[in-house]
Amino acid sequence: MPRNTPPFQKTNDRIGAEPPGGLGFEGTGAAGSSKPAEPSKKPAPGLYLTAVPIGNTGDITLRALEILRTVDAVACEDTRNTGRLLSLYGIRASLVPYHEHNADRMRPALLDRIAGGQSVALVSDAGTPLISDPGYKLVREAKARGLMVTSLPGASAALTALQLSGLPSDRFLFAGFPPSKSAARQGFYRDLAAVPATLIFYESAKRLAASLADAAAALGSREAAVGRELTKLFEEVRNGRLDALAAHYAEAGPPKGEIVLVVAPPGPAPAGGGIDLDAALGEALARMSVRDAAAAVAEATGLPRKEVYRRALELSAGSGRPADDGDG
Ligand code: SAM
């Protein structure tokens, strides 16, 4: 068994061999190793696409920490942001700015460094590089020059929101940021109306209500979920129909924090994906008053509160349980 083999070694054809950049355990004093920390090995020359957290600083991988600690340079969108993040993990790295305004100028220099035998990590301000963030041209050109490119996967807001949305996750399309102007945004949503998949968008909090209204106009009254501040202290996922969510945020004002919008595919929800209102209410009524059960189920499903309350009363009357409160 190779030294420091982690318990969850990759189960692909490289079993037993170290992937580029090592397995992330050397020098970390990682759990399971009784040996004292050893100096880290220098990674092989190449480009290391390294995910960082989307909010919760615990969401970084052991392998990412090891690479960030040992590469020759870390290319990042904002050296101050990344410097602050790395200092939380006690890492000092040589930071090189790489963002949309300097990418064309910086790319050849970064690729020359790799070709000259250096290791370069690419990170974003948050989450996974290349996902609504710079990097794809760097990867493309590195591959064209025959340089080693590898990925250290981790957090991404799009997948986190999809997981938490309760919407079908078997087929999805990530569409990035909708345009900021309403006319262009409606066209953008209309172009996606026939896509038979769950749709995922990044959106700014200040445009959320208007964007939801445009989505409702272009896509119809579909189920959707707004994921906010994911992995952070005030994480919230609000489910509802697009029009109801638009009305909610128009009235409540822009929410605080970062937003992902997830929209159900067109047409009826796939078999098994629909909401079983009676089952949800039955489960809630076993634990709560009629009023609270109806409120909780309406919140979770996005169904109209009155409709849910009426059904909760019917179920509770059918069970012989006394109606316990007012008109909901
Ligand atoms: N590369 C990142 C990723 O993998 O998720 C996304 C970068 S993109 C420039 C930033 C957008 O991602 C934000 O405007 C927001 O829409 C979304 N986002 C990032 N972190 C988030 C979080 N913790 N909660 C909700 N949305 C988030």
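**View 1. Packing of α7 on α8.** Helix α7 (residues 208-219) packs against helix α8 (residues 242-252) at an angle of about 160°, the axes being 8 Å apart. Axes are lines fitted to C-alpha atoms, for helices over the stretch in contact, and angles run from 0 to 180 degrees between N-to-C directions. α7 is therefore roughly antiparallel to α8 (angles under 35 degrees count as roughly parallel, over 145 as roughly antiparallel, 65 to 115 as roughly perpendicular and the rest as oblique). L208, A209, L212, A213, A215, A216 and L219 of α7 meet L242, D243, L245, A246, Y249 and A250 of α8; residues are in contact if their C-beta atoms, placed from the backbone, lie within 7 Å. The model is predicted: local features need pLDDT of at least 70 and side-chain atom pairs count only at pLDDT 80 or more, while totals for chains, interfaces and linings use all residues. Residues are numbered from 1 along each chain as its sequence is written.

**View 2. Crossing of α6 and α7.** The axes of helix α6 (residues 182-191) and α7 come within 8 Å and cross at roughly 45°, which means that α6 is oblique to α7. S182, R185, Q186, Y189 and R190 of α6 make the contact with A210, S211, D214, A215, A217, A218 and L219 of α7.

**View 3. Shell around the ligand.** Of the 23 residues around the ligand, G127, S156, A157, Y202 and L230 come nearest (C-beta atom, placed from the backbone, within 6 Å). Elements giving two or more residues to the shell are α5 (157-165), β7 (198-203), β8 (223-228) and β10 (259-263); helices (H or I, at least four residues) and strands (E, at least two) are DSSP runs, numbered from the N terminus.

Conventions. Two residues are in contact if their C-beta atoms, placed from the backbone, lie within 7 Å.
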